[in-house]
Amino acid sequence: MNKMVFNNPFFERMGEIGDWIILNILFILASLPLVTAGMAYTAMYQVVMRRTRGESQYAAREFIHACKTEWKQSTKLWIIFLFTGILLAFDTFYCQNLWTGLNIAVICLDIVWCFAFVYVFPLQARVENSIKNTIVNALLLSVKYLPYTVIMVLADSIPFICIASGIYVSGIALPVYCVIGFSLTAKINSIFLDKAFKVFTDGRNQEKNTTGIL
């Protein structure tokens, strides 16, 4: 009797989709305590970017490994961005009825925050650096690769756009993001991030060693 062959394109594709679903679920579960969301972001992007470069095999195992090694600095970065984000959200709401110049200034700060956010956790996942240098590099990269930055900010904003669009759109988007939405967004972003991060592979910066997985 002939044995069923599982190493064909169909089963490989199904296995790959399964990995993206597992990664998405792990990201959501790791983010639930809120304070661990930065760790979850970093771990997810570490796995996704490794997959983009063809270096990843076990999504769940690599995600857990990344959580164990990245939680400390990623949590500090998350607290910084969470605190400043709440502050800017309050200022944006409060300044709506104030002087136009102040309102414009707050909006500019909102944009800078969004630009830095889309790079800072992938950078933490990819490069060994201090918190200060990671944030500075995120800002520099966001300006240098402005078209990439705009696309990634828009991709990350889709859940908020869906929520703002009403209950019907939110109801459609919710199951998608519960199953694969976040990991799929990270996969799209990683295409641009991989190009932007090539500067860190020329030997002048210390790239992380992520080979400590059996």
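Reader: Let's start with the second largest pocket: which residues line it?
Author: Keep in mind that this is a predicted model. Helix 3, helix 4 and helix 5 each give two or more residues to the lining of this second largest pocket. Residue by residue, the lining is made of Ile-80, Phe-81, Thr-84, Leu-88, Leu-109, Val-112, Trp-113, Ala-116, Ile-135 and Leu-139.

Reader: And how much space lies in that second largest pocket?
Author: By class, its lining has 9 nonpolar residues, 1 polar and no charged ones. The space inside the second largest pocket comes to about 170 Å³.

Reader: Okay, now the largest pocket: how much space lies there?
Author: Its lining draws at least two residues from each of helix 1, helix 2, helix 3, helix 4, helix 6 and helix 7. The volume of this largest pocket is about 1,100 Å³.

Reader: If I wanted the middle of the largest pocket, which lining residues lie nearest its centre?
Author: The lining counts 34 residues, and they split into 27 nonpolar, 6 polar and 1 charged. Nearest the centre of the largest pocket you'll find Tyr-41, Asp-156, Pro-159, Phe-160 and Phe-182.

Reader: Which element gives the most to the lining of the largest cavity?
Author: The residues around this cavity are Tyr-41, Tyr-45, Phe-117, Val-118, Phe-121, Pro-122 and Asp-156. Two elements give two or more residues to that lining, namely helix 2 (37–52) and helix 4 (100–126). With 4 residues, the top contributor is helix 4.

Reader: How many charged residues are in the lining of the largest cavity?
Author: Asp-156 is one of the lining residues, and Asp counts as charged. Alongside 6 nonpolar and no polar residues, the number of charged ones is 1.

Reader: Zooming out, what order do the elements run in from the N terminus?
Author: The protein has 7 helices and 0 strands. Reading from the N terminus on, that gives α-α-α-α-α-α-α.

Reader: Which residues touch the most other members of the largest nonpolar core?
Author: That core has 42 residues, and the ones touching the most other members are Met-44, Phe-63, Tyr-119 and Phe-197. At least two core residues come from each of helix 1 (9–31), helix 2, helix 3 (59–94), helix 4, helix 5 (131–144), helix 6 (146–164) and helix 7 (167–196). So that the names stay handy, the list again is Met-44, Phe-63, Tyr-119 and Phe-197.

Reader: What does Phe-197 touch, residues up to four places away in sequence aside?
Author: Phe-197 is one of the 42 core residues. Away from its sequence neighbours, Phe-197 touches Met-49, Tyr-119, Pro-122, Leu-123, Arg-126 and Leu-141.

Reader: Last one: is Val-48 buried or exposed?
Author: Val-48 lies in helix 2, and beyond four places in sequence it is in contact with Trp-20, Leu-23, Ala-186, Lys-187 and Ser-190. Its C-alpha atom is 9.5 Å from that of Ile-188, 140 residues apart along the chain. Because its relative accessible area is 0%, Val-48 counts as buried.

Key: Residues are numbered from 1 along each chain as its sequence is written. This is a predicted model: local features need pLDDT of at least 70, side-chain atom pairs count only at pLDDT 80 or more; totals for chains, interfaces and linings use all residues. Side-chain values use heavy atoms; hydrogens and water are left out. On a 1 Å grid over the protein atoms alone, a cavity is a set of points where a 1.4 Å probe fits but cannot get out, and a pocket is an open set with protein on both sides within 12 Å along at least five of seven lines; lining residues have an atom within 4 Å of a point. A nonpolar core is a set of buried Ala, Val, Leu, Ile, Met, Phe, Trp, Tyr and Cys residues joined through side-chain atoms within 4.5 Å. Buried means under 20% relative accessible area, exposed over 50%, partly exposed in between (1.4 Å probe, protein chains only). Contact means heavy atoms within 4.5 Å. Grid points are joined across faces, edges and corners, and a volume is the space filled by probe spheres set on the points.
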